[in-house]
Amino acid sequence: MAELTQSRVRELFNYDEGTGALIWRPRPREEFRSESHWARFNAHIAGKEAGTVQQTNSGVSYKRVFFGRKSYANHKVIWLYVHGHWLEHDIDHKNRCGIDNRLENLRIATKSQNSANRVFKNRVGLKGAYRQKGRDTYYSMIRVERKAIY
């Protein structure tokens, strides 16, 4: 299958910038094996929000949409829909809510930048703070691109 393009995404979906939702568009008959599949899709799915919420191993939830026997992250499809190209970098959700796909909430980020924006869960409860093993004291460390700078 050829790589997904902006024109194909715009044939499949409408994008609501206010809510960040991808909405299925009605599809032509020739995209379906049978008349009944086509009728069922256009009667029950077209006009509804596309994607299901899935949780990653780290516990973050994102919406994913399935078509063409592939799964795509909604925020990446939205980026393609609006900007016309796939990104080599990650897309970060500024407010840390992975299902909030409003364009104003999405930004280009490196893996390091994206990781720095997540809620940090450690025993101390603070980013960069650690308890020393076997002691009742704490230390802190700041890393930038895997290098300790403090």
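**Entry 1**

I began with R96, which lies in the loop between β6 and β7 (106-109); helices (H or I, at least four residues) and strands (E, at least two) are DSSP runs, numbered from the N terminus. I noted that this is a predicted model, in which local features need pLDDT of at least 70, side-chain atom pairs count only at pLDDT 80 or more, and totals for chains, interfaces and linings use all residues. I also noted that residues are numbered from 1 along each chain as its sequence is written, and that side-chain values use heavy atoms, with hydrogens and water left out.

R96 has a positive phi of about 70 degrees although it is not a glycine. With a relative accessible area of 47%, R96 is partly exposed, where buried means under 20% relative accessible area, exposed over 50%, and partly exposed in between (1.4 Å probe, protein chains only).

I then looked up R69, which is not a glycine either and has a positive phi of about 60 degrees. R69 is placed in the loop between β4 (61-67) and β5 (70-73), and it counts as exposed because its relative accessibility is 84%.

**Entry 2: the chain as a whole**

I wrote down that the chain has four helices and eleven strands, and that buried residues make up 27% of its 150 residues. Its accessible surface comes to about 10700 Å², of which 50% belongs to carbon and sulfur atoms; accessible areas come from the Shrake-Rupley method with a 1.4 Å probe, and for residues only the protein chains shown count as cover.

For contacts (heavy atoms within 4.5 Å), I noted that among those between residues at least 6 apart in sequence, 35% join residues at least 24 apart.

**Entry 3: D90 and N114**

Which residues does D90 touch, not counting those up to four places away in sequence? I found R107, I108, A109, T110, K111 and N114. D90 itself is found in strand β6 (residues 90-93), and it counts as buried because its relative accessible area is 18%.

Leaving aside its neighbours within four places in sequence, N114 is in contact with D90, I91, D92 and A109. N114 and D90 are 24 residues apart along the chain, and their C-alpha atoms are separated by 7.2 Å.

**Entry 4: aromatic rings**

How many aromatic pairs does the structure hold? I recorded eight of them; rings of Phe, Tyr and Trp (its six-membered ring) pair if their centres lie within 6.5 Å, and planes under 30 degrees apart count as stacked, over 60 as edge-to-face and the rest as tilted. F32 is buried, with a relative accessible area of 16%, and F41 counts as buried at 9% relative accessibility.

Another aromatic pair, formed by F67 and Y72, is stacked, with 4.9 Å centre to centre and 20 degrees between the planes. Both F67 and Y72 are buried. I also saw that ring pairs link F13, W24, F32, F41, F67, Y72 and W86 into a cluster.

Next I looked for charges over rings (NZ of Lys or CZ of Arg within 6 Å of the ring centre and within 35 degrees of the ring normal). R27 lies over the face of F41, at 5.0 Å from the ring centre, while the charged end of R10 sits over the ring of Y81, 4.6 Å from its centre.

**Entry 5: helix α3**

Why is helix α3 (residues 74-83) described as largely enclosed by the rest of the structure? I noted that this is because seven of its ten residues are buried. The buried residues in α3 are N74, H75, V77, I78, W79, L80 and Y81. Just after α3, G84 takes a positive phi of about 85 degrees.

**Entry 6: a patch on the surface**

My last entry concerns I142, V144 and I149, which make a nonpolar surface patch of about 280 Å². Patches are made of residues with over 30% relative accessible area and no salt bridge, with like charges joined within 9 Å and nonpolar side chains (Val, Leu, Ile, Met, Phe, Trp, Tyr) within 5 Å; a salt bridge is a side-chain nitrogen of Lys or Arg within 4 Å of a carboxyl oxygen of Asp or Glu. I placed I149 in the segment after β11 (147-148), and I noted that I149 is exposed, with a relative accessible area of 58%.
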